Amino acid sequence: KLLQGTLIKRYKRFFIDIEYKGKTIIAHCPNSGSMMGLTDNGNKIFFSESTNPKRKLKYTAQIIKVNNKLVGINTHLTNKIVFEALNKKKIKDLALFNNIKPETKFSDNTRFDFLISNSNKKCFLEVKNVTLSRKNKIAEFPDAVTSRGAKHLKELISAKKKGFESYILYLIQREDCSYFKIAKDIDEEYKRIFNEALKNGVKVLCYDCKLSNEDIKINKQVDYEK
């Protein structure tokens with residue numbers, strides 16, 4: 001079970017001050033994004049405690065509660081959640097792929113999150129973590145300009161042209177959204193390349209998560225704006 005405190009502030013991207021049992025503690029923030037809409041002072045925050053004496057920070061932020069809804073902020077868990085779901089055949093479009101290889105090189109400057117395959121097909125899968133929701137029940141990505149995300153889409157197009165199946169999976173680490181869209185107003189170039197990827201046969205999957213202070217699991221598929 002996670003510990004619970006009150007968020008004071010996030011700063012220098014990777015630090016969060018938390019009020020816990022009347023004291024201020026510093027926790028690692030495992031999220032390089034803007035975390036737009038999540039870091040208001042006073043939000044409840046769930047965090048883990050490490051017993052590793054070599055760690056600089058003892059605590060790690062995991063989940064923030066916003067408007068009574070839980071949002072997973074640890075991007076280091078994203079691929080682990082998807083890896084478990086792939087093994088348990090929870091992603092129906094990918095259930096026919098039995099061989100799962102994480103962090104696989106595609107080109108000199110690109111690794112995809114997964115190479116999944118069976119006797120007939122090989123498929124590259126890239127995963128993006130989603131936390132942003134500015135409108136009721138709508139999840140959005142990205143929450144800041146992402147040249148790295150745009151590069152991954154271009155490389156997925158390239159993989160498709162070379163005969164691989166190409167998928168991008170947007171993992172929504174929250175359970176209050178029933179629809180997904182690209183945040184064009186935040187990153188117009190990413191939206192343009194996303195549209196290009198769709199035209200070139202890159203397939204899009206969106207799944208939300210079920211969260212508690214004990215675990216985060218992939219939940220159900222979510223519709224998206226084409």
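Three helices and 16 strands make up the secondary structure of the protein chain. The model is a predicted one. With 226 residues, a compact globule would have a radius of gyration near 17 Å, and the 18 Å of the protein chain agrees with that.

**Overall build**

- The C-alpha trace of the protein chain spans about 60 × 40 × 30 Å along its principal axes.
- Buried residues make up 49% of the 226 residues in the protein chain.
- The protein chain has an accessible surface of about 12,000 Å², and carbon and sulfur atoms account for 46% of that surface.
- Of the contacts with a separation of 6 or more, 61% are between residues 24 or more positions apart.

**The sheet of six strands**

- To trace this open sheet, follow the order β7-β8-β9-β12-β14-β15, where the pairing is mixed.
- Its edge strands are β7 (99-107) and β15 (216-221), each of which pairs on one side only.
- On average, neighbouring strands of this sheet are turned by 40 degrees against each other, direction ignored.
- Strands β7 and β8 (residues 110-117) run antiparallel and are joined by seven bridges.
- For a pair to look up here, take N99, whose bridge partner in β8 is S117.

**Helix α2**

- Helix α2 covers residues 147-161, which is 15 residues.
- From its first C-alpha to its last, α2 reaches 21 Å, close to the 21 Å expected at 1.5 Å a residue.
- Its buried residues are G149, A150, H152, L153, E155, L156, I157 and A159.
- Those buried residues pack against strands β7, β8, β9 (122-130) and β12 (165-172), and also against helix α3 (188-199).
- Just after α2 comes G163, with a positive phi of about 100 degrees.

- Strand β13 (residues 179-182) pairs with β16 in the parallel sense, over two bridges.
- Within this pairing, F180 stands opposite Y224 in β16.

- Not counting residues up to four places away in sequence, F194 touches L153, Y170, I182, V204, Y224 and E225.
- One of these, L153, is also among the buried residues of α2.
- F194 and K226 are 32 residues apart in sequence, with their C-alpha atoms 9.2 Å apart in space.

**Strand β5 and its partners**

- Strand β5 (residues 59-66) is mostly covered, with seven of its eight residues buried.
- With β3, strand β5 pairs in the parallel sense over two bridges, and A27 has Y59 of β5 as its bridge partner.
- With β4, strand β5 runs antiparallel, joined by six bridges; in this case E49 stands opposite Y59.
- With β6 (residues 69-72), strand β5 pairs in the antiparallel sense over four bridges, and I64 stands opposite V71 in β6.
- β5 and β6 form a hairpin with two residues between them. In the turn, N67 has a positive phi of about 50 degrees.

**N43, a loop residue**

- Where is N43 found? N43 lies in the loop between β3 (23-28) and β4 (44-49).
- At 14% relative accessibility, N43 counts as buried because the cut-off for that label is under 20%.
- Leaving aside neighbours within four places in sequence, N43 is in contact with G5, T6, L7, L38, I64, K65 and V66.

Note on methods: Residues are numbered from 1 along each chain as its sequence is written. This is a predicted model: local features need pLDDT of at least 70, side-chain atom pairs count only at pLDDT 80 or more; totals for chains, interfaces and linings use all residues. Side-chain values use heavy atoms; hydrogens and water are left out. Two strands pair if DSSP finds at least two bridges between them. Axes are lines fitted to C-alpha atoms, for helices over the stretch in contact, and angles run from 0 to 180 degrees between N-to-C directions. The expected span of a helix is 1.5 Å times one less than its number of residues. Buried means under 20% relative accessible area, exposed over 50%, partly exposed in between (1.4 Å probe, protein chains only). Contact means heavy atoms within 4.5 Å. The radius of gyration is taken over C-alpha atoms; the globule rule is 2.2 Å times the number of residues to the power 0.38. Accessible areas come from the Shrake-Rupley method with a 1.4 Å probe; for residues, only the protein chains shown count as cover.
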